[in-house]
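Please look through the structure below.

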Amino acid sequence: MTQRQRSGGTDAGGPRLEEVMERVSHGDKDAFTVLYDAVAPMVFGIAVKVVRDRAQAEEVAQEAMIDLWRQAARYHPEQGSVMTWVATIAHRRAVDRVRSAQASADREYANAVRDQARPFDEVAEQVETRLDGEQVRRCLRGLTELQRQAVTLAYYQGLTYREVADALHSPLPTIKTRMRDGLIRLRDCMGVTT
(Lines give C-alpha, C1' and ligand atoms only; values in the text may rest on other atoms or scores of the structure.)
Protein backbone atom coordinates (compact mmCIF):
# COMPACT_ATOMS: atom_id res chain seq x y z
CA MET A 1 0.00 0.00 0.00
CA THR A 2 1.44 3.36 -0.96
CA GLN A 3 1.61 6.43 1.25
CA ARG A 4 -1.03 8.06 -0.94
CA GLN A 5 -3.45 5.13 -0.37
CA ARG A 6 -2.83 5.18 3.39
CA SER A 7 -3.66 8.86 3.58
CA GLY A 8 -6.95 8.33 1.83
CA GLY A 9 -5.81 9.20 -1.69
CA THR A 10 -5.75 7.11 -4.84
CA ASP A 11 -3.02 5.98 -7.21
CA ALA A 12 -2.64 7.26 -10.77
CA GLY A 13 -3.27 10.86 -9.84
CA GLY A 14 -7.01 10.34 -9.28
CA PRO A 15 -9.04 12.34 -6.79
CA ARG A 16 -8.37 11.91 -3.07
CA LEU A 17 -10.96 9.81 -1.22
CA GLU A 18 -11.71 12.70 1.16
CA GLU A 19 -12.72 14.79 -1.86
CA VAL A 20 -14.75 11.90 -3.25
CA MET A 21 -16.52 11.50 0.11
CA GLU A 22 -17.34 15.22 0.13
CA ARG A 23 -18.98 14.87 -3.28
CA VAL A 24 -20.79 11.67 -2.22
CA SER A 25 -22.17 13.45 0.84
CA HIS A 26 -23.86 15.89 -1.58
CA GLY A 27 -25.49 13.03 -3.53
CA ASP A 28 -22.99 12.79 -6.41
CA LYS A 29 -23.59 9.35 -7.92
CA ASP A 30 -20.47 9.46 -10.10
CA ALA A 31 -18.38 10.14 -7.01
CA PHE A 32 -20.02 7.17 -5.30
CA THR A 33 -18.98 4.97 -8.23
CA VAL A 34 -15.37 6.10 -7.70
CA LEU A 35 -15.69 5.43 -3.95
CA TYR A 36 -17.26 2.05 -4.60
CA ASP A 37 -14.45 0.98 -6.91
CA ALA A 38 -11.86 2.10 -4.34
CA VAL A 39 -13.32 0.45 -1.25
CA ALA A 40 -15.52 -2.48 -2.35
CA PRO A 41 -12.73 -5.11 -2.32
CA MET A 42 -11.75 -4.14 1.24
CA VAL A 43 -15.40 -4.10 2.39
CA PHE A 44 -15.96 -7.56 0.93
CA GLY A 45 -12.73 -8.86 2.49
CA ILE A 46 -13.78 -7.67 5.94
CA ALA A 47 -17.23 -9.18 5.50
CA VAL A 48 -15.82 -12.57 4.46
CA LYS A 49 -13.38 -12.56 7.36
CA VAL A 50 -16.09 -11.85 9.95
CA VAL A 51 -19.10 -13.68 8.50
CA ARG A 52 -17.17 -16.66 7.02
CA ASP A 53 -19.82 -17.31 4.40
CA ARG A 54 -19.32 -15.84 0.92
CA ALA A 55 -23.02 -15.49 0.11
CA GLN A 56 -23.75 -13.67 3.36
CA ALA A 57 -20.54 -11.65 2.98
CA GLU A 58 -21.81 -10.38 -0.39
CA GLU A 59 -25.04 -9.24 1.28
CA VAL A 60 -23.13 -7.62 4.14
CA ALA A 61 -20.83 -5.82 1.69
CA GLN A 62 -23.83 -4.54 -0.26
CA GLU A 63 -25.51 -3.32 2.94
CA ALA A 64 -22.26 -1.63 4.02
CA MET A 65 -22.00 0.16 0.70
CA ILE A 66 -25.59 1.38 1.05
CA ASP A 67 -24.68 2.62 4.53
CA LEU A 68 -21.73 4.49 3.03
CA TRP A 69 -24.03 6.23 0.56
CA ARG A 70 -26.56 7.14 3.24
CA GLN A 71 -24.04 8.17 5.90
CA ALA A 72 -21.51 9.98 3.71
CA ALA A 73 -22.34 13.31 5.35
CA ARG A 74 -21.24 11.88 8.71
CA TYR A 75 -17.67 11.37 7.56
CA HIS A 76 -15.21 13.90 9.03
CA PRO A 77 -11.62 13.78 7.74
CA GLU A 78 -10.20 15.02 11.06
CA GLN A 79 -11.46 11.82 12.75
CA GLY A 80 -9.61 9.43 10.44
CA SER A 81 -9.09 8.33 6.88
CA VAL A 82 -11.88 7.34 4.53
CA MET A 83 -10.56 3.77 4.47
CA THR A 84 -10.68 3.55 8.28
CA TRP A 85 -14.21 4.94 8.35
CA VAL A 86 -15.34 2.53 5.61
CA ALA A 87 -13.65 -0.42 7.36
CA THR A 88 -15.46 0.47 10.59
CA ILE A 89 -18.84 0.53 8.86
CA ALA A 90 -18.14 -2.77 7.09
CA HIS A 91 -16.95 -4.43 10.29
CA ARG A 92 -19.97 -3.25 12.30
CA ARG A 93 -22.35 -4.45 9.60
CA ALA A 94 -20.64 -7.88 9.50
CA VAL A 95 -20.69 -8.23 13.30
CA ASP A 96 -24.38 -7.32 13.31
CA ARG A 97 -25.02 -10.10 10.79
CA VAL A 98 -23.13 -12.66 12.91
CA ARG A 99 -24.99 -11.60 16.05
CA SER A 100 -28.32 -11.77 14.23
CA ALA A 101 -27.54 -15.24 12.90
CA GLN A 102 -26.46 -16.39 16.38
CA ALA A 103 -29.63 -14.98 17.98
CA SER A 104 -31.72 -16.76 15.35
CA ALA A 105 -29.88 -20.04 15.93
CA ASP A 106 -30.33 -19.63 19.70
CA ARG A 107 -34.09 -19.06 19.24
CA GLU A 108 -34.39 -22.12 17.01
CA TYR A 109 -32.45 -24.22 19.51
CA ALA A 110 -34.59 -23.00 22.41
CA ASN A 111 -37.76 -23.81 20.45
CA ALA A 112 -36.46 -27.27 19.59
CA VAL A 113 -35.56 -27.95 23.22
CA ARG A 114 -38.94 -26.67 24.38
CA ASP A 115 -40.72 -28.88 21.83
CA GLN A 116 -38.71 -31.93 22.91
CA ALA A 117 -39.32 -31.20 26.56
CA ARG A 118 -43.02 -31.80 26.02
CA PRO A 119 -43.36 -35.25 24.49
CA PHE A 120 -47.00 -35.23 25.49
CA ASP A 121 -49.40 -37.65 23.92
CA GLU A 122 -52.83 -36.13 24.47
CA VAL A 123 -54.73 -39.25 23.37
CA ALA A 124 -52.73 -41.50 25.69
CA GLU A 125 -53.29 -39.05 28.56
CA GLN A 126 -57.05 -39.00 27.93
CA VAL A 127 -57.21 -42.80 27.74
CA GLU A 128 -55.23 -43.13 30.97
CA THR A 129 -57.45 -40.59 32.73
CA ARG A 130 -60.57 -42.38 31.53
CA LEU A 131 -59.23 -45.76 32.67
CA ASP A 132 -58.28 -44.31 36.07
CA GLY A 133 -61.76 -42.83 36.40
CA GLU A 134 -63.40 -46.14 35.55
CA GLN A 135 -61.23 -47.94 38.09
CA VAL A 136 -62.13 -45.41 40.79
CA ARG A 137 -65.86 -45.79 40.01
CA ARG A 138 -65.55 -49.58 40.10
CA CYS A 139 -63.70 -49.45 43.42
CA LEU A 140 -66.24 -46.99 44.87
CA ARG A 141 -69.01 -49.48 44.02
CA GLY A 142 -67.14 -51.98 46.23
CA LEU A 143 -67.60 -49.79 49.32
CA THR A 144 -70.58 -49.91 51.63
CA GLU A 145 -73.21 -47.25 51.01
CA LEU A 146 -72.19 -45.33 54.13
CA GLN A 147 -68.48 -45.43 53.21
CA ARG A 148 -69.22 -44.37 49.62
CA GLN A 149 -71.34 -41.41 50.81
CA ALA A 150 -68.66 -40.22 53.24
CA VAL A 151 -65.79 -40.55 50.72
CA THR A 152 -67.81 -38.91 47.95
CA LEU A 153 -68.78 -35.93 50.10
CA ALA A 154 -65.20 -35.45 51.32
CA TYR A 155 -63.28 -35.97 48.07
CA TYR A 156 -65.68 -34.96 45.33
CA GLN A 157 -67.51 -32.14 47.09
CA GLY A 158 -64.60 -30.98 49.24
CA LEU A 159 -66.34 -31.20 52.61
CA THR A 160 -64.42 -31.51 55.86
CA TYR A 161 -64.96 -34.45 58.20
CA ARG A 162 -67.20 -32.29 60.41
CA GLU A 163 -69.24 -31.11 57.37
CA VAL A 164 -69.61 -34.73 56.20
CA ALA A 165 -70.80 -35.70 59.71
CA ASP A 166 -73.36 -32.86 59.66
CA ALA A 167 -74.53 -33.76 56.13
CA LEU A 168 -75.00 -37.44 57.02
CA HIS A 169 -76.38 -36.73 60.51
CA SER A 170 -73.75 -38.98 62.06
CA PRO A 171 -71.27 -38.49 64.91
CA LEU A 172 -67.82 -37.24 63.85
CA PRO A 173 -65.92 -40.33 65.16
CA THR A 174 -68.23 -42.59 63.14
CA ILE A 175 -67.56 -40.58 59.95
CA LYS A 176 -63.80 -40.70 60.57
CA THR A 177 -63.98 -44.49 60.96
CA ARG A 178 -66.11 -44.90 57.80
CA MET A 179 -63.71 -42.67 55.85
CA ARG A 180 -60.62 -44.54 57.09
CA ASP A 181 -62.11 -47.93 56.30
CA GLY A 182 -63.41 -46.75 52.93
CA LEU A 183 -60.05 -45.27 51.93
CA ILE A 184 -58.23 -48.46 52.93
CA ARG A 185 -60.62 -50.48 50.74
CA LEU A 186 -60.14 -48.03 47.84
CA ARG A 187 -56.36 -48.21 48.20
CA ASP A 188 -56.42 -52.00 48.14
CA CYS A 189 -58.85 -52.10 45.20
CA MET A 190 -56.72 -49.72 43.13
CA GLY A 191 -53.51 -51.58 43.92
CA VAL A 192 -51.83 -48.62 45.61
CA THR A 193 -48.96 -49.62 47.87
CA THR A 194 -47.78 -47.49 50.76
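The model shown here is predicted. A disulfide is a covalent bond between the sulfur atoms of two cysteines. The count for this structure comes to 1 disulfide. The cysteines that form it are Cys139 and Cys189, with sulfur atoms 2.0 Å apart. This pair qualifies because the cut-off for two cysteine sulfur atoms is within 2.5 Å. The pair links distant parts of the chain, 50 residues apart: Cys139 lies in helix 6 (residues 122-141), and Cys189 lies in helix 9 (residues 172-190). The link of Cys139 and Cys189 is left-handed, with -80° about the S-S bond.

The two ends of the link can also be described by their accessibility. Cys139 has a relative accessibility of 3%, so Cys139 counts as buried. Cys189 has a relative accessible area of 29% and is therefore partly exposed.

Helix 9 also takes part in a helix contact. Two packed helices are described by the angle between their axes and the distance between the axes. Helix 7 (residues 145-155) packs with helix 9 at an angle of about 90°, and their axes are 9 Å apart. Helix 7 and helix 9 are therefore roughly perpendicular to each other.

Which residues meet in this contact? From helix 7 come Leu146, Gln147, Ala150, Val151, Ala154 and Tyr155. In helix 9 they meet Arg178, Met179, Asp181, Gly182, Leu183, Arg185 and Leu186. The residues of this contact of helix 7 with helix 9 divide into 8 nonpolar, 2 polar and 3 charged.

Conventions
Residues are numbered from 1 along each chain as its sequence is written. This is a predicted model: local features need pLDDT of at least 70, side-chain atom pairs count only at pLDDT 80 or more; totals for chains, interfaces and linings use all residues. Side-chain values use heavy atoms; hydrogens and water are left out. Helices (H or I, at least four residues) and strands (E, at least two) are DSSP runs, numbered from the N terminus. Buried means under 20% relative accessible area, exposed over 50%, partly exposed in between (1.4 Å probe, protein chains only). Axes are lines fitted to C-alpha atoms, for helices over the stretch in contact, and angles run from 0 to 180 degrees between N-to-C directions. Angles under 35 degrees count as roughly parallel, over 145 as roughly antiparallel, 65 to 115 as roughly perpendicular and the rest as oblique. Contact means heavy atoms within 4.5 Å. Ala, Val, Leu, Ile, Met, Phe, Trp, Tyr, Cys and Pro count as nonpolar, Asp, Glu, Lys and Arg as charged, and the others, Gly among them, as polar.
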